[in-house]
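Hi,

Here is the structure I promised to pass on. Please have a look at it first, and my notes follow below.

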Amino acid sequence: MTEKVETIEILKAILKTIDEGIHAVDAKGMTIFYNEVAASLDGLKVSDVIDYHVLDAFPSLNQDTSTLLKVIKTGKPIINQQQTYTNFNGKRVDTVNTTLPLLVNGKLIGAIEISKDLTKIKQLSEKLLDMQAQFHKARPKPVTHGHFASYQLADFISADPAIEQLKHLLIKVSQTSSPVLMFGETGTGKEVLIQGIHNQSPRKDKPFIAQNCAAIPSQLLESILFGTLKGSFTGAVERPGLFELADGGTLFLDEINSMPLDIQAKLLRVLQDGVVRRVGETKGKAVNVRIMAALNEHPVDCVKNNKLREDLYYRLNVIFFEVPPLRERQLDIELLARHFISQYNHTFHKQVKGITDEVVQLLCRYRWPGNVRELKHVIEYAMNMAEDHHPIRNSDLPRHLLVMGKSQTEPSIVPLREALARREEELISTALSKTDGNIQQAAQLLKIPRQTLQYKLRMKT
């Protein structure tokens, strides 16, 4: 019996550490668990809810509106339900809730609700949408040089014949309204080319709106893309989506393989019909939007791995281009390095005199998993280390590049622990470079807990 009590206490301790709101009730609707995160979202204390019936703790609810009681009654889960409400402290809160029945040996003993707080990210997304909407109202005249599209095709710097041929083809493509699908590894500069197509096209005086599908929680992406109708879900307001804001222009969807499959189906419908329906709306609105999409994985692999709907792939794959990685564009490595040195000389008010031949050889040997973005970050680091009126030397480069350079010239076997430490440092540096220094995303790439990555970074300093 003591062991059972200890196990329950351990489980409660684990649940208290989770950064999502958790509210559990028994089969009669009495609260049996309610963590601090849930209390913070609701503007209450844990003691205000624990051991109380859900309707006593939340008098604004009833048998029909309480998701916990509804799940107890039906035995069916309610998945990813959006909710916007004002809590007991008068603060507006946006959550996505999943409510599940609790079953033991097939018998329903209660229900649990898990609430993910999306308040900040939704507020930022709505603020961006409102700013874009106000921008259009304030500008009855055409937008000069594109709307939020600052790059021209000429800004994609390259000496590689394959890139020059690609840019020539993109000029042709820019004159039509056909969908464009572009594949390239992270950091290859896909958006520069996409913006260049828009600014070369007849739509250049119309809006260009870009959305990274991996940057918005999937539960919010639908309302961001298609807009919302007032009352379509609890707290929903009347708001246009990106399709309406991009009307007449271009909508660029980056990392479209991160978009949930059910939203991909709705996107396909808009592409086929040219009609967008806000969330909760039955009537549609005709829009004239050119869709351009990009992936950092090959679309065939995405279809095979169920990350991209096959029918959407064929609809988008009218015009398909692949951007080669930097390691396959050897002519561009020194060219881009010198270009970034010139940029940072201006930004940092320095006078670094190029790079040594030894550095050029080292840069050309490196594989560049983060592509042009990683090269830019490496040059930025080196510019911080380099002395004025001198070229960038090997000693100015990040350590993982130097380790790689030594491994090319030192055939002798190093101790395993040292080799593993070097490789770990290289992988961490690459992951941070690919995610622009975002520790959470880098940890996900490395498939380790964020706390572990933070500890390893602290150990280096």
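Is Glu374 buried or exposed? With a relative accessible area of 1%, Glu374 is buried (buried means under 20% relative accessible area, exposed over 50%, and partly exposed in between, with a 1.4 Å probe and protein chains only). Glu374 belongs to helix 15 (helices are DSSP runs of H or I with at least four residues, strands are runs of E with at least two, and both are numbered from the N terminus). Leaving out residues up to four places away in sequence, Glu374 touches Tyr366, Trp368, Pro369, His400, Thr430 and Ser433 (contact means heavy atoms within 4.5 Å).

Before you read on, a word on where the values come from. This is a predicted model, in which local features need pLDDT of at least 70 and side-chain atom pairs count only at pLDDT 80 or more, while totals for chains, interfaces and linings use all residues. Residues are numbered from 1 along each chain as its sequence is written, and side-chain values use heavy atoms, with hydrogens and water left out.

Now the overall picture. The protein chain contains 19 helices and 12 strands. It has 461 residues, of which 44% count as buried. If you take contacts between residues at least 6 apart in sequence, 65% of them join residues at least 24 apart. The chain exposes about 24700 Å², with carbon and sulfur atoms supplying 53% of that area (from the Shrake-Rupley method with a 1.4 Å probe; for residues, only the protein chains shown count as cover).

Helix 15 (residues 371-385) packs on helix 13 (residues 330-348) at an angle of about 50°, and their axes are 9 Å apart (axes are lines fitted to C-alpha atoms, for helices over the stretch in contact, and angles run from 0 to 180 degrees between N-to-C directions). The two are therefore oblique to each other (under 35 degrees counts as roughly parallel, over 145 as roughly antiparallel, 65 to 115 as roughly perpendicular, and the rest as oblique). Helix 13 passes helix 15 in a right-handed crossing (left-handed if the near helix is turned anticlockwise from the far one by less than a right angle, right-handed if clockwise). The residues of this contact divide into 11 nonpolar, three polar and two charged (Ala, Val, Leu, Ile, Met, Phe, Trp, Tyr, Cys and Pro count as nonpolar, Asp, Glu, Lys and Arg as charged, and the others, Gly among them, as polar). Among them are Phe340 and Tyr344 in helix 13, and Ile379 and Met383 in helix 15.

The other pair is helix 8 (residues 218-226) and helix 10 (residues 261-273), whose axes come within 11 Å and cross at roughly 15°. That makes helix 8 roughly parallel to helix 10, and their crossing is left-handed. Ser218, Leu221, Glu222, Leu225 and Phe226 of helix 8 meet Ile263, Lys266, Leu267 and Val270 of helix 10.

Finally, some loop residues. Most residues other than glycine have a negative phi. Glu255, in the loop between strand 8 (250-254) and helix 10, has a positive phi of about 50°. Lys447 has a positive phi of about 60° and sits in the loop between helix 18 and helix 19. Lys447 is exposed, at 74% relative accessible area. Ile448 is found in the loop between helix 18 (439-446) and helix 19 (450-460), and counts as partly exposed at 27% relative accessibility.

Best wishes
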